[in-house]
Amino acid sequence: MIDLKQLEVWFVTGSQHLYGPAALQQVAANSRKVAATLDASGAIPTRVVFKSVLTRPEEVAALCQEADTAPRCVGLITWCHTFSPSKMWINGLKRLRQPMLHLHTQFNRDIPWASIDMDFMNLNQAAHGDREHGFIMSRLRLNRKVVVGHWQDAGVQQQIGAWCRAAAAWHDWHGAAFCRLGDNMRHVAVTEGDKVAAHIQFGYSVNGYGVGDLVQHVRHVTDAQVDALVRDYEARYTLAAPLRKTGPRRDALREAARIEAGLRSFLGTGGFKGFTDTFEDLHGLAQLPGIAVQRLMADGYGFGAEGDWKTAALVRAMKVMGSGLKGGTSFMEDYTYHLHPKTSQVLGAHMLEICPTIAKGRPALEVHPLGIGGKADPVRLVFDTPPGPGLNASLMDMGNRFRMLVNEVDVVAPEKPLPKLPVARALWKPKPDLKTAAAAWILAGGAHHTGFSQAVTTEMLEDFAEIAGIELLVIDPQTRLREFKQQLRANEVYYGLRHGFVN
Ligand code: MN
């Protein structure tokens with residue numbers, strides 16, 4: 001469902017005719033080598049395609065226009081190996097809508113102390129050429145990522161790779177459709193938001209469907225389809241005794257498979273990249289979709305419970321960003337605390353819908369009562385999450401802007417088994433500590449729903465927020481509450497002046 005190698009970032013070099021055709025030929029050859037090295041780098045998930053050395057305003061304008069309409073192009077990497085008078089770039093950049101990365105590099109890593117002459121200087125003068133290039137982008141108020149260092153450096157390639165992932169997710173959002181089955185969980189505020197504003201800012205549409213539209217698809221599922229899914233469940237998961245072939249709850253398992261097949265058919269027919277549902281509107285469905293949602297997320301669909309379309313879209317974007325990396329990504333909710341003074345932790349889970357890409361080992365497939373919603377007992381995958389670094393991200397509509405909030409965490413193993421907890425879960429220590437992190441999260445108006453990931457990094461989300469032009473607040477090991485509150489106030493003024501204040 002997600003294949004980043006189908007996508008391209010275009011590499012273009014800025015130059016001019018001052019140094020003669022031989023210098024330009026050498027620059028083109030050098031640029032090809034830089035682009036080919038980035039293209040072959042394991043740290044960069046998309047293709048990197050060298051386009052041209054740009055020396056005239058009309059070339060820059062034409063290239064920018066081409067980049068905006070090329071279906072596989074997700075962004076531009078620019079580099080000015082020499083002084084490229086940047087008034088030449090104004091008309092091109094003014095219209096460019098693609099994400100940009102300014103690679104501030106130099107073809108030769110080292111100064112050749114014994115042989116350096118003016119020919120070397122002419123071919124290796126990004127030190128000032130890229131400053132001119134930077135000025136015009138700042139003058140035009142363009143968001144971009146600036147990466148500094150030699151192009152063969154692993155850290156430089158990592159930074160470029162993170163941006164490519166963000167650019168790919170941004171590309172993926174444009175034209176994407178997210179489906180809401182039913183509306184919001186009644187009276188909940190943070191899962192609401194301006195869907196028109198989101199469409200304008202993010203490029204995706206969110207539309208509502210009646211749960212009856214899904215029920216039609218579930219009704220058309222054949223027994224053979226159910227059999228095939230049940231066989232797949234048996235191959236991948238450890239079934240609890242009541243769900244096994246002769247077990248008393250086998251019917252519940254088959255019903256869950258029927259719902260999954262129907263949901264797949266419904267989402268496929270609509271071309272959706274993600275969806276929401278709500279336990280308050282399940283007319284015609286026997287169970288709240290559990291394993292169905294879990295497995296659809298594992299296939300790359302975004303999901304938000306209780307009508308949470310912002311989180312569904314965010315989870316999808318994080319699935320794209322984390323594609324091919326070690327570690328999974330899931331819809332998540334801060335559920336309950338361990339407030340022990342020495343080991344303060346958060347237990348994250350949901351009623352059912354946690355993605356098995358974050359499972360440690362083979363998930364168990366179980367059936368238990370839900371306690372709310374008044375439906376039959378839903379079938380769900382139950383598992384723990386492996387220890388290691390991770391993060392939670394959420395997206396809120398603040399009235400005059402969207403705010404992204406990120407908290408870095410360390411996932412830890414539970415002190416003791418949780419034999420009676422009937423849901424998948426992750427246990428983490430927020431950075432810098434639970435008290436600071438939770439206070440900052442709450443002061444920022446952070447949602448209880450998040451996208452949780454052990455693959456996506458803060459850098460990717462920062463690049464994504466920059467591309468999207470939205471506010472980003474990060475809670476990490478350096479966060480101090482007093483400074484965080486000042487940042488909230490400063491941002492209020494900045495975004496207020498940009499977009500207007502709200503009461
Ligand atoms: Mn919830």
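**Sheet, cores and backbone of a predicted model**

Helix α6 lies across strands β1, β3, β4 and β5. The direction of α6 runs at about 145° to that of β3. Such angles run from 0 to 180 degrees between N-to-C directions, with axes fitted to C-alpha atoms, for helices over the stretch in contact. Contact means heavy atoms within 4.5 Å. Helices (H or I, at least four residues) and strands (E, at least two) are DSSP runs, numbered from the N terminus. The model is predicted: local features need pLDDT of at least 70, side-chain atom pairs count only at pLDDT 80 or more, and totals for chains, interfaces and linings use all residues. Residues are numbered from 1 along each chain as its sequence is written, and side-chain values use heavy atoms, leaving out hydrogens and water.

The strands form an open sheet of five, in the order β2-β1-β3-β4-β5, with parallel pairing. Two strands pair if DSSP finds at least two bridges between them. Strands β2 (47-54) and β5 (145-148) are the edges, each pairing on one side only. From one strand to the next, the twist averages 25°. Four bridges link β4 (residues 100-104) to β5 in the parallel sense. Leucine 103 stands opposite valine 147 of β5. Helix α1 (residues 21-40) also packs on this sheet. Helix α1 touches β1 (8-14), β2, β3 (73-80) and β4, and its direction makes about 165° with that of β2.

Nonpolar side chains tend to be buried together in soluble globular proteins. A nonpolar core is a set of buried Ala, Val, Leu, Ile, Met, Phe, Trp, Tyr and Cys residues joined through side-chain atoms within 4.5 Å. Buried means under 20% relative accessible area, exposed over 50%, and partly exposed in between (1.4 Å probe, protein chains only). The largest core here has 63 residues. Phe11, Ile160, Trp173, Phe202 and Tyr204 have the most contacts inside it. Helix α6 (residues 154-173) gives the largest share of this core, 11 residues. Beyond its neighbours within four places in sequence, Trp173 is in contact with several residues, among them Phe178, Ala313, Leu395 and Phe464. A second, separate core has 32 residues, including Val230, Ile291, Ile358 and Leu434.

A cis peptide bond joins lysine 431 and proline 432, with omega about 0°. Proline 432 sits in the loop between β17 (425-430) and α13 (434-443). Arginine 141, not a glycine, has a positive phi of about 55°. Arginine 141 belongs to the loop between α5 (126-139) and β5, and is exposed at 66% relative accessible area.
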